[in-house]
Amino acid sequence: MTETILQENPNRFDDAFERIKKSTGMRTQVEIAKMLDIRQSSISDAKRRQSIPDSWLIKLYQIYNLNPNWIIDGEDPQFLGEQRGGALQVREAGDAYGRKPKHYQMPVSAMSVEDQNESGWKENNIETVTVPEQFHRPSLLVVRMDENDMEPLIARGAYVGIDKDRRTIRSGAIYALDMPVEGLVIKRLLHDAENARFILRSDNSAYTDQTIAAETAVERVIGRVAWVFQEI
């Protein structure tokens, strides 16, 4: 087995591993080890050696079309491979393990409020989308992005997967929130401890920040953004 050694920066393995976690939507070493078909101890061994085995890079390319150079150095593009029908072709975990991959037909909700007199946002089925097995989870909510306030990260028209079980707020992460009048919004949350509030920030700098009191923020969080399907 060959591997790519990360010698220049002692944090490069951690940086590379974070890119793997974010791009796959996986949170733990156990999940990633299962996806890579390796023992969890192999991840600890790789971190100690400050190396990324080539077998990992190959499998991540096969399953997710991830660019090995992006994993190692953050060098764009993030994905390699064809685009079909306006969407990136994602190879699925089942292809790698020799079994037929599962797909899930998921309802897609609009982000706006249907009735301004309603007390809050409600799931409202406007279409369906097919979700590959590795992106599905029981707590999944899928919405279609109707604004450009999170561009370039999330484009208008993108399908956004929200994990409703992940409601604990981590400063800097992206969440879906139920906001009065606006409906469901997707923002990056930043903790302003000094003023006991959270800042709701758009990645598009044309939009101004909003704020929400810390004690009410958790009540408004619907879930954390887990993945995005969109053209690149």
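**Note on the predicted model**

1. The side chains of S202 and K187 are joined by a polar contact of 2.6 Å, a polar contact being a pair of N or O atoms within 3.5 Å in which, within protein, one must be able to donate a hydrogen and the other to accept it, while residues adjacent in sequence count only if both atoms are side-chain atoms. This is a predicted model, in which local features need pLDDT of at least 70 and side-chain atom pairs count only at pLDDT 80 or more, whereas totals for chains, interfaces and linings use all residues. Residues are numbered from 1 along each chain as its sequence is written, and side-chain values use heavy atoms, with hydrogens and water left out.

2. S202 sits in the loop between β11 (197–201) and β12 (210–213), and it is buried, with a relative accessible area of 7% (buried means under 20%, with a 1.4 Å probe and protein chains only). Leaving aside residues up to four places away in sequence, S202 touches D149, M150, K187 and Y207, contact meaning heavy atoms within 4.5 Å.

3. The axes of helix α1 (residues 12–24) and helix α2 (residues 29–36) come within 11 Å and cross at roughly 80 degrees, and the two helices are therefore roughly perpendicular to each other (65 to 115 degrees). F17, I20, K21 and T24 of α1 meet Q29, I32 and M35 of α2 in this contact.

4. In the largest nonpolar core, of 31 residues, those touching the most other members are I32, M35, W56, L60, Y64, I71 and W227; such a core is a set of buried Ala, Val, Leu, Ile, Met, Phe, Trp, Tyr and Cys residues joined through side-chain atoms within 4.5 Å. Helix α4 (residues 54–64) gives the most to this core, with 5 residues.

Terms used: Axes are lines fitted to C-alpha atoms, for helices over the stretch in contact, and angles run from 0 to 180 degrees between N-to-C directions. Helices (H or I, at least four residues) and strands (E, at least two) are DSSP runs, numbered from the N terminus. Angles under 35 degrees count as roughly parallel, over 145 as roughly antiparallel, 65 to 115 as roughly perpendicular and the rest as oblique. Buried means under 20% relative accessible area, exposed over 50%, partly exposed in between (1.4 Å probe, protein chains only).
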